[in-house]
Every structure is written in C-alpha cells, then in structure tokens.
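Reader: I am new to this structure. Please show me how to read its features.

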Amino acid sequence: MADPRGFLKVRDRELPPNRPVEVRLRDWKDTHAHRQDGQPFLTEQASRCMDCGIPFCHQGCPLGNLIPEWNDLVRLGQWDDAIDRMHVTNNFPELTGRICPAPCESACVLGISQPPVTIKNIEVSIADAEFERGLVPQVPSRLTGTTIAVVGSGPAGLAAAQQLTRAGHTVVVYERDARIGGLLRYGIPDFKLEKHIIDRRLEQMEAEGTRFRPGVAIGTDITWDALRRRFDAVIVATGATVPRDLKLPGRELRGVHYAMDFLVPANQAVAGEPVAQDAPNAAGKNVIVIGGGDTGSDCVGTALRQGAASVTTLAIGKKPPVTRPDNQPWPTDPILFEVSTSHEEGGERTYLASTVEFLADDSGAVTGLKVAQTEYLPGGRREPRPGTERFIPADLVLIAMGFTGPETAELTEQTGVEITARGLPRRGDDFGTSLPGIYVAGDAGRGQSLVVWAIAEGRAVAAAVDARLRGATELPAPVGPRTVALRG
Ligand SMILES: Cc1cc2nc3c(=O)[nH]c(=O)nc-3n(C[C@H](O)[C@H](O)[C@H](O)COP(=O)(O)OP(=O)(O)OC[C@H]3O[C@@H](n4cnc5c(N)ncnc54)[C@H](O)[C@@H]3O)c2cc1C
Ligand code: SF4
C-alpha cells in the first residue's frame, strides 16, 4: 500500500540532472546521469505515487507495466521485489526506462494537479540495479522440440524471441546487419542509448538459449520460403525501413541524404565498425534537417557532436503548444513542444517551413534550400505560400520525414503474403498474416512506432505463436486486447 500522503510530503518532481552540454558534446555517452537505488532521492520520488485506485499510468503504458506496484516497492526499498514486478510485463525495462517517451507520465493521476511521478526514471533505476546486482531473471525451460525463426533483431524480434525461448521453443533470430539490435543499435545514437546496454541483454538472452544469426538477409541469403519450410513458425519483425522521400527539384544533388544514411554510419563509427568512405559527415558543414521528430532530433545531436558549423531543423507544421491544449485533455498523451537533449545542445528550429527546392553549385553539390512559409488550406492540406520564399544555405541536407513501411518485395515474391499500404497485415488478433505459419510484429506490421510498442507486440506475437504451436499458452499476452485495439 502506497503512502497516501506521499505526494503531499514530496511535492517537487525531481530528475537527475543531465550532464552539462559543453561536456557531453565532446563525447557520445548518455546525456542523462541515471541514478541508482539506495538513494533517498529515488525513494522520495517513488513515494509521490499515491496508488490512486484506478492507476491510469499503466493504462497509458502500452506494456501495461504495473507502475504503482513497483513505485511502492522502491519507496519501501524492496528492490528485488520491484525487479520481479517489472518483469511481469516488460522484457527490457533498461531500454524503455531510457528511451520511451513515457506516455505513462502523461496519464499519471498526480499529473492533473502536480508534475507527474518520475516513472521512467524509477523504471531505469530498477532495471540497472537488476543488472548490477546480477538479478536478471534467467528462466530455465524444458525444450518443446518446436523451432521458430524470428527475422529482424529490433526490440519486437528480441521480445518475441525471449518470450518464446522461455516457453521452451528453439528460437533463431536472423538479422541482416552485422550486429544484433535493429534501430536500437544502428538508428538511435549512443547519447540516447549506449550500446553496452544492448550487449549485456544479448549476453543474457544467449545464456538463456536464444540463438543469434547476424549478417543473414532473409530473402537473399535464405529465401523466405526455405525459412518457412525449415521452421514451425516464422515471425517477421523486420521494421518499417522504407524512408519517406521529398520528391522536389534537386533531390538528387550531392549532399542530400536520408537521415538513416547519416545515422547508421555515425553509429558504426562510434562503435569502431567499418564505415563507408562516402558516408555523409557533418564536420564543418551547415546542416539542414527536414523533419522535426525523433529521427530529426537524433540527427541534430549527431551533427553537433561531429562538429557541424550550424544545424537548422525545418518542420512543415505549426509549433506545438507548450501546455496541454483543451482538445488533448488528461489522460491522453498530448503532442507538445518538446526540447529533446539534442535541442538543448544547439541548433535552430523553424516551424511552418515548406521546402520548395534543393539548390546546387555548378558541380552538383547542394548549396541550400529554397523554403517558403507553410499555408494551411481547407481540409488540412499544407502548401508553400507563394511570395514567401527565402534561401537557407546548407552543405548537408538530411531528410528525416519518417518511414512509409517495411520492405516487402522479396517476402511477397517468395511467399505471396499479402501487403497493405502500411505494412504487413495481421489476421484477426493473433498477429498472423495471410499465410499460415507467418506472423508479424513491431514496426513491420504497425508502421513506424516506438520501442515500447515493439516490445508489447513482440510479447503478444509470442503468446499467439505459442498458443498456435501448443494448443494453449501460459505466456502472458501483455495487453492483448489493448495492443490490438490501439494498433492502427
Ligand atoms: C533515428 C530513430 C530514433 C528513434 N528513437 C526512438 C526513441 O527515442 N524512443 C522510441 O521509443 N522509439 C524510437 N524510435 C522508433 C523505434 O526505434 C522503433 O519503433 C523500433 O525500433 C521498432 O522495432 P522493430 O523491432 O519493429 O524494428 P527495427 O528496430 O527496425 O528492427 C528491424 C530489424 O530487421 C532487420 N531486417 C529487415 N529486413 C530483414 C531481412 N530481410 N532479413 C534479416 N533482417 C532484416 C533490420 O536490419 C533491423 O535490424 C526511433 C527510430 C529511429 C529511426
Ligand atoms: S515503458 Fe514507457 S510508458 Fe511504460 S512505464 Fe516505462 S516509460 Fe512508462
């Protein structure tokens, strides 16, 4: 039972301070200084959770995390039990505690009248304490004799693989990249997620029995059809990797790249992996990032660390409000103006900026953008307003406008599985596709999303596959109906 007066005694929401900008811009380490257990700070913050009867926070969390329960266990200093409660719903709290945008905090009841409980920080502190104390659950299982291939090693594939390994199936994770981790490894920069956090989890999964096969592209190295014949079930967790383009005059110019063409080599360089010689680098350049989301913000932090001369982010839409607007009341997760750690570090942000054209010098290298003010037309359509054009100089332009869906050509060609506009369709509520034995989870099915959703879907698909293979399952399908209902 939580302290019902805790939030009255500790009124201030307090987070560990971020590392100073001038220090962190000189390295690639995590911008946050995460705090560990045993500190009064954390137990005090946990005591602000009032166990409010109907805890909307775990409704806001796509995993259905049992937040009030572990908050109270932290308040009482019962860390081992907090770790146990955490793992009832979440395979990788060390990831979500670092990089989840925390819709739980938007739904916190205390947030109606005071700043919400620091749920995410408490989550990462429990997760890190778990690794430091060697308390990561290692679930033994009796082998069932069934085999499952998971294609793609992002958070969806990893969560599915861990659940199914723990249920006793023989699970092989195939990944076309040189190393396991999906966007966690090659998309999200180290200053948000240091890669040793992934590595320690992979070691734990390997010890538990999950097998990893990096450097194998399904569809070319092994056909999808061969994989289907070889395994009892195949889970497609290949992500939504097709970038949205900006087809404007000058798009083909030298120096105009998709964000991932910049972020992947940047991550490889930080990891000491080989990097293509012609990979874009921001050192000394005027950089424009088109797109104001997570990917754009990661480009900003990366460009600043590489030594860009200037970084400007262009967003086509209006500047979001700073506080909850009336049409996004509690407990919804509102779209607000956010200052990410990268934005704290530098660069300019321009709203209502519609790119009209990429401009070049005689050699075909980009020199800048012609940009006009965005005009909203009836029906919400947005167009550049004539007569408002201006020139913004740039030597490197990064298109960070999101992703349209998964790459499905080989899968369709080799198996005939149906594709929808957004990605792979699922049949009913079981995460199956139009072909028996092929399942889909994460961004490959739901479109570009979040790590927390990928883990939730990985858990849900694991329960569906286990039930199909064994006739019934004891695996928790975390938020089953909620996962399905909210899946667009
Ligand atoms: C730059 C960036 C920053 C982000 N930041 C955040 C954040 O801070 N917080 C957050 O919650 N979310 C963030 N996201 C979103 C989040 O990373 C994704 O929603 C999540 O990783 C999706 O997980 P997934 O497992 O479905 O796919 P992915 O992580 O995309 O993994 C799919 C994997 O499948 C592999 N693959 C594809 N095809 C094949 C094939 N044929 N054979 C073998 N392997 C294959 C790919 O190489 C890839 O490794 C970010 C995304 C980007 C691009
Ligand atoms: S996973 Fe995200 S939404 Fe869920 S408790 Fe953690 S921070 Fe909150």
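**The ligand and its surroundings**

Author: This is a predicted model. Domain 2 (147-241 + 404-487) and domain 3 (245-401) both give residues to the shell around ligand 1, so ligand 1 lies between them.

Reader: How many residues surround ligand 1, and which are the closest?

Author: A residue belongs to the surroundings if one of its heavy atoms lies within 4 Å. Here, 35 residues surround ligand 1. The closest are Ile-99, Glu-175, Lys-192, Ile-218 and Asp-443.

Reader: How do the residues of the shell divide into nonpolar, polar and charged?

Author: The shell around ligand 1 has 18 nonpolar, ten polar and seven charged residues.

Reader: Which protein atoms lie 2.8 Å, 2.9 Å and 3.1 Å from ligand 1?

Author: Polar contacts pair N or O atoms within 3.5 Å. Lys-192 places a polar side-chain atom 2.8 Å from an oxygen atom of ligand 1. Arg-176 has a backbone N or O atom 3.1 Å from a nitrogen atom of the ligand. For Val-451, a backbone N or O atom lies 2.9 Å from a ligand oxygen atom.

Reader: What share of the accessible area of ligand 1 does the protein cover?

Author: On its own, ligand 1 has 1,000 Å² of accessible area, and the protein covers 96% of that.

Reader: Which element gives the largest share of the shell?

Author: H15 does, with three residues. Helix H15 spans 294-306.

Conventions:
Residues numbered from 1 in each chain as written. Chains lettered and ligands numbered in written order. Predicted model: local features only at pLDDT ≥ 70, side-chain atom pairs only at ≥ 80, totals over all residues. Heavy atoms only, no water. Polar contact = N/O pair within 3.5 Å; in protein donor to acceptor, adjacent residues only side chain to side chain. Areas by Shrake-Rupley, 256 points an atom, 1.4 Å probe, with all protein chains shown as cover. Helix = DSSP H or I, 4+ residues; strand = E, 2+ residues; numbered from the N terminus. Nonpolar A, V, L, I, M, F, W, Y, C, P; charged D, E, K, R; others polar. Domains from an automatic or database assignment.
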